[in-house]
Amino acid sequence: MSQHRLNNYDPPDHWIFEDSRLELSHGPDEVPLTFLARMAHPEVAADADQAMRHVEALNVLPAPDGWGPRAHEFLSGPPPV
C-alpha cells in the first residue's frame, strides 16, 4: 500500500483533517461527530464486523478525557437486567 501511495503522490495520512471542505478541524462539533457515526453505518461499512471494529476503536479515543458512549434510548425496550 505505501508503494502505491508514493508512486501516485497520494496525500499524507492526516490529509482528511486538513481538508477545509470537510470542516473536521474547524467546523461545528456536529460535523466530525456525524462523520464518525457514518463510518460505522451499515451502508458504509463493508460488513457488521468491520462496523463493530470501527465503533470499538472510536470509543477508545474520548476515554482519556472522561467521555464515553451511552445509550440514548432502547428501541425494543430496556435491556434485560
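1. Salt bridge. The structure holds one salt bridge, a term for a side-chain nitrogen of Lys or Arg within 4 Å of a carboxyl oxygen of Asp or Glu. Asp-19 and Arg-21 form this salt bridge, with their closest N and O atoms 2.4 Å apart. The side chains of Asp-19 and Arg-21 are also joined by a polar contact of 2.4 Å. A polar contact is a pair of N or O atoms within 3.5 Å; within protein, one must be able to donate a hydrogen and the other to accept it, and residues adjacent in sequence count only if both atoms are side-chain atoms.

2. Basis of the model. This is a predicted model, in which local features need pLDDT of at least 70 and side-chain atom pairs count only at pLDDT 80 or more, while totals for chains, interfaces and linings use all residues. Residues are numbered from 1 along each chain as its sequence is written, and side-chain values use heavy atoms, with hydrogens and water left out.

3. Cover at the salt bridge. Asp-19 is buried, at a relative accessible area of 13%, whereas Arg-21 is exposed, at 69%. Buried means under 20% relative accessible area, exposed means over 50%, and partly exposed lies in between (1.4 Å probe, protein chains only). Asp-19 sits in the loop between helix 2 and helix 3.

4. Secondary structure. The protein chain has four helices and zero strands, and its elements run α-α-α-α from the N terminus on. Helices (H or I, at least four residues) and strands (E, at least two) are DSSP runs, numbered from the N terminus.

5. Burial and surface. Of the 81 residues of the protein chain, 7% count as buried. The protein chain exposes about 7500 Å², and carbon and sulfur atoms supply 59% of that area. Accessible areas come from the Shrake-Rupley method with a 1.4 Å probe; for residues, only the protein chains shown count as cover.

6. Glu-23. This residue is in the loop between helix 2 (15–18) and helix 3 (30–39). The phi of Glu-23 is near 60°, a positive value in a residue other than glycine. Glu-23 counts as partly exposed, at 41% relative accessibility.

7. Gly-68. The segment after helix 4 (48–60) contains Gly-68, which is partly exposed with a relative accessible area of 47%. Gly-68 and Leu-58 are ten residues apart in sequence, and their C-alpha atoms are 9.7 Å apart in space.

8. Nonpolar patch. Leu-33, Phe-35 and Leu-36 make a nonpolar surface patch of about 260 Å². Patches are made of residues with over 30% relative accessible area and no salt bridge; like charges are joined within 9 Å, and nonpolar side chains (Val, Leu, Ile, Met, Phe, Trp, Tyr) within 5 Å. Phe-35 lies in helix 3 and counts as partly exposed, at 32% relative accessibility.

9. Largest pocket. About 810 Å³ of space lies in the largest pocket. Of the 19 residues that line the largest pocket, Pro-32, Leu-33, Leu-36, Ala-37 and Leu-58 are the closest to its centre. Helix 2, helix 3 and helix 4 are the elements that give two or more residues to the lining. Helix 3 gives the most, with six residues. A pocket is an open set of points on a 1 Å grid over the protein atoms alone, where a 1.4 Å probe fits, with protein on both sides within 12 Å along at least five of seven lines; lining residues have an atom within 4 Å of a point. A volume is the space filled by probe spheres set on the points, which are joined across faces, edges and corners.
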